[in-house]
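The entries follow in the order in which I looked things up.

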Amino acid sequence: MRFYIVDVFALKKYTGNQLAVFRDASKLSEKEMQEIAKEMNYSETTFIISEDDFEVRIFTPEKEVPFAGHPVLGTAFVIMEEILGKAKEVELKLRIGKIRVWKENDVLWMRQSSPKFGKVFSPQEISRVLEIGEEEIDKNFPIQEVSTGLPFIIVPLKSLESLKKVRVNTDELYKIVEDCEAKAILAFSPETRYEDNDLSVRVFAHYYGVPEDPATGSANGCLAAYLSKYEYFGSDEVNIKVEQGYEVGRPSLLFLRAKGDRVEIGGKVIMIAKGTFI
């Protein structure tokens with residue numbers, strides 16, 4: 001099988017979130033895909049099952065997921081560049097349905113599913129999970145479960161200092177996710193490292209085998225929907241740049257656009273390596 005390593009949401013080579021993409025994967029069993037994903041040990045590994053309708057399956061080191069943002073953009077990049085040859089758009093067939101990816105200048109974009117808003121959490125219970133003080137949570141906005149394909153708990157913090165302090169207590173995390181669809185957390189701050197960016201983000205996905213993700217399209221899609229619904233920037237229209245991944249040494253940049261049910265995420269993708277898997 002041919003495979004590719006790409007960096008997604010990358011600022012430059014060896015930043016962003018790395019991804020392994022396997023072609024010619026139709027003869028692999030689910031068990032073999034899972035074993036390869038665990039061996040690659042990236043946050044996700046994707047397998048192109050068919051090059052006729054671009055059926056794609058996504059695996060974390062621990063389990064298969066129906067959707068995730070950076071695997072979709074990274075896989076679309078490989079298809080557009082390596083299979084179709086400099087194509088400007090492609091449609092992937094995922095477990096949750098078909099997702100269109102298109103290129104604007106050097107940024108790949110995708111539209112996510114219409115947002116769904118779920119359970120609201122108290123600052124008290126989330127402060128125990130994140131091991132920060134309740135006063136560090138911005139109580140002007142709710143802590144809420146949001147999904148645009150894959151659900152996350154969105155947590156608004158007041159400062160970058162608070163965001164840097166977060167240390168997830170996994171025992172407390174598993175308590176709160178037992179009875180809700182979301183199993184992972186996105187915490188964000190309006191303070192950023194670089195003034196050109198609009199928000200700083202950290203994503204914690206212990207349940208999926210990824211304690212901290214360097215760049216998470218699905219989570220940031222949920223964030224974009226949240227920002228639009230609650231008019232975080234004073235309007236329901238969102239057009240921002242988000243920094244993520246600095247704590248894990250993989251600085252990344254994500255582009256978010258949203259207005260109501262329309263949610264789009266974008267980022268740059270860089271080819272790192274190509275090879276043959278024996």
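Predicted model: local features only at pLDDT ≥ 70, side-chain atom pairs only at ≥ 80, totals over all residues.

**Entry 1: a helix pair.** I looked up helix α3 (residues 123–130) and helix α5 (residues 170–177), and found that they pack at an angle of about 140°, with their axes 7 Å apart. For the contact itself, I listed Glu125, Ile126, Arg128 and Val129 on the α3 side, and Glu172, Leu173 and Ile176 on the α5 side. Sorted by class, this contact has four nonpolar and three charged residues, and no polar ones.

**Entry 2: helix α1.** I next asked which residues of α1 (residues 30–40) are buried. They are Met33, Gln34, Ile36, Ala37 and Met40. These residues cover an arc of only 160° around the axis, which puts them on the same side of α1. On the face turned away from that buried side I found the exposed residues Lys31, Lys38 and Glu39. I then checked what covers the buried residues of α1, and the cover includes the strands β1 (2–8), β2 (17–22), β3 (45–50), β4 (55–59) and β5 (64–65). After α1 comes asparagine 41, and I noted its positive phi, near 60°.

**Entry 3: two further residues with positive phi.** Phenylalanine 9 is not a glycine, yet its phi is positive, at about 60°. I located phenylalanine 9 in the loop between β1 and β2. Is phenylalanine 9 buried or exposed? Its relative accessibility is 0%, so I counted phenylalanine 9 as buried. Glutamate 231, also not a glycine, has a positive phi of about 45°. I placed glutamate 231 in the loop between α6 (217–229) and β15 (237–244). With a relative accessibility of 42%, glutamate 231 counts as partly exposed.

**Entry 4: serine 218.** I found serine 218 in helix α6. Because its relative accessibility is 2%, serine 218 counts as buried. I then asked which residues serine 218 is in contact with, leaving aside its neighbours within four places in sequence. I listed Phe67, Ala68, Gly69, Gln112, Thr148, Leu150, Phe152 and Ile265 as the contacts of serine 218.

Key. Residues numbered from 1 in each chain as written. Heavy atoms only, no water. Buried < 20%, exposed > 50% of the residue type's maximum accessible area, 1.4 Å probe, protein only. Helix = DSSP H or I, 4+ residues; strand = E, 2+ residues; numbered from the N terminus. Arc of directions from axis to C-beta. Contact = heavy atoms within 4.5 Å. Axes fitted to C-alpha atoms, helices over the stretch in contact; angles between N-to-C directions. Nonpolar A, V, L, I, M, F, W, Y, C, P; charged D, E, K, R; others polar.
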